[in-house]
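Reader: Could you walk me through this structure, starting with the ligand?

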Amino acid sequence: MWRRVASSLSPIISSSPSSRSLSRNQAAFGLIIRESFATEISKPEEGAKSPFITFVLGGPGSGKGTQCEKIVETFGLTHLSAGDLLRREIAMHTKNGDMILNLIKDGKIVPSEVTVKLLQKELESSNSSKFLIDGFPRTEENRVAFERIVGADPDVVLFFDCPEEEMVTRVLNRNQGRVDDNITTMKKRLKIFEALNRPVIDYYKNKGKLYTINAVGTVDDIFKQVLPIFTPFQEVYTNLCLHFSSKCLSFFHYSDIRHIHLCLT
Ligand SMILES: Nc1ncnc2c1ncn2[C@@H]1O[C@H](COP(=O)(O)OP(=O)(O)O)[C@@H](O)[C@H]1O
Ligand SMILES: O=c1ccn([C@@H]2O[C@H](COP(=O)(O)OP(=O)(O)O)[C@@H](O)[C@H]2O)c(=O)[nH]1
Ligand SMILES: [Mg+2]
């Protein structure tokens with residue numbers, strides 16, 4: 001289990017710039033270490049993994065899965081689609097398979113415990129340290145259950161903002177043989193999205209972790225909005241690689257970027 005501080009720091013590229021003063025630790029490496037390094041950060045337990053987590057939110061058909069593929073190609077994050085994990089349970093006829101199928105057909109949300117346990121298993125069995133969790137959390141209850149069971153918070157939350165008519169058109173043309181890609185289920189899903197997922201989006205907006213992306217346009221145009229969100233994390237990591245000896249570098253983990261809270265000068 002990970003021990004992530006609940007009030008974790010805002011991302012490096014936070015939309016609301018920190019008012020904290022920059023620290024004395026002016027780095028010879030062209031890096032600045034913020035005051036918070038010394039004062040606010042709890043170290044993860046020794047040996048505990050502390051992954052870099054991105055939640056990917058948006059209505060059905062807003063393009064979450066499509067953009068996740070591009071993020072994976074460019075930044076190498078590990079993609080975990082909550083919907084795919086649930087569909088795998090159906091395909092494998094597990095004990096929850098029938099229940100999940102009925103809920104998905106009806107556009108309803110699978111009990112948090114089931115989805116979170118599936119995600120937890122993937123996260124903990126992976127060698128990766130950076131994840132895209134696609135289509136989760138769908139509800140406030142999902143969000144709280146993830147925090148409680150997995151013990152981790154997202155670093156970044158993407159929200160693909162798309163008009164309903166566009167989402168309907170895309171879903172009805174998706175052609176993946178999904179039981180929920182029909183107009184009846186889609187109407188229910190849109191209602192559930194507004195009622196249950198909006199509060200989650202608002203929660204992360206208030207936390208300063210939300211990046212809203214206009215999801216209308218070509219796949220490449222939309223990805224152009226996504227790129228600058230992840231680039232700073234990659235740049236900082238590359239700089240660490242360039243400037244620290246290999247001995248020191250073994251100390252760093254991709255997610256240490258958040259803990260160290262560096263930014264480029
Ligand atoms: N920018 C876009 N413009 C048009 N169609 C798109 C775009 N992005 C994705 N699609 C298509 O819309 C459908 C839904 O996309 P998908 O990535 O599965 O969305 P989500 O995971 O949010 O439900 C897919 O058939 C996909 O190919
Ligand atoms: O955390 C989740 C993710 C998905 N689902 C169920 O799985 C369906 C399909 O989800 P997916 O993310 O695959 O759909 P998308 O938004 O990509 O169309 C949803 O409508 C829900 O019924 C769920 O219950 N909890
Ligand atoms: Mg999807």
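Author: A backbone N or O atom of Lys64 lies 2.8 Å from an oxygen atom of ligand 1, a polar contact in the sense of a pair of N or O atoms within 3.5 Å. This is a predicted model, where local features need pLDDT of at least 70, side-chain atom pairs count only at pLDDT 80 or more, and totals for chains, interfaces and linings use all residues. Residues are numbered from 1 along each chain as written, chains are lettered from A and ligands numbered from 1 in the order written, and side-chain values use heavy atoms, without hydrogens and water.

Reader: Which atom of Thr66 lies 2.5 Å from an oxygen atom of ligand 1?

Author: For Thr66 that is a polar side-chain atom, and a polar side-chain atom of Arg174 lies 2.8 Å from a ligand 1 oxygen.

Reader: OK, switching to H6: which of its residues are buried?

Author: Asn142, Arg143, Ala145, Phe146, Ile149 and Val150 are buried in H6, where buried means under 20% relative accessible area and exposed over 50% (1.4 Å probe, protein chains only). Seen down the axis of H6, these buried residues fall within an arc of 165° (taken from the directions from the helix axis to the C-beta atoms), so they line one face of the helix.

Reader: And what is on the other side of H6?

Author: Glu141 and Arg148 are there, and they are exposed.

Reader: Why does Asn142 count as buried?

Author: Asn142 counts as buried because its relative accessibility is 2%. UniProt, in an unreviewed entry, places the feature "binding site" at Asn142, although such annotations may be inferred rather than shown by experiment.

Notes:
A polar contact is a pair of N or O atoms within 3.5 Å; within protein, one must be able to donate a hydrogen and the other to accept it, and residues adjacent in sequence count only if both atoms are side-chain atoms. Helices (H or I, at least four residues) and strands (E, at least two) are DSSP runs, numbered from the N terminus.
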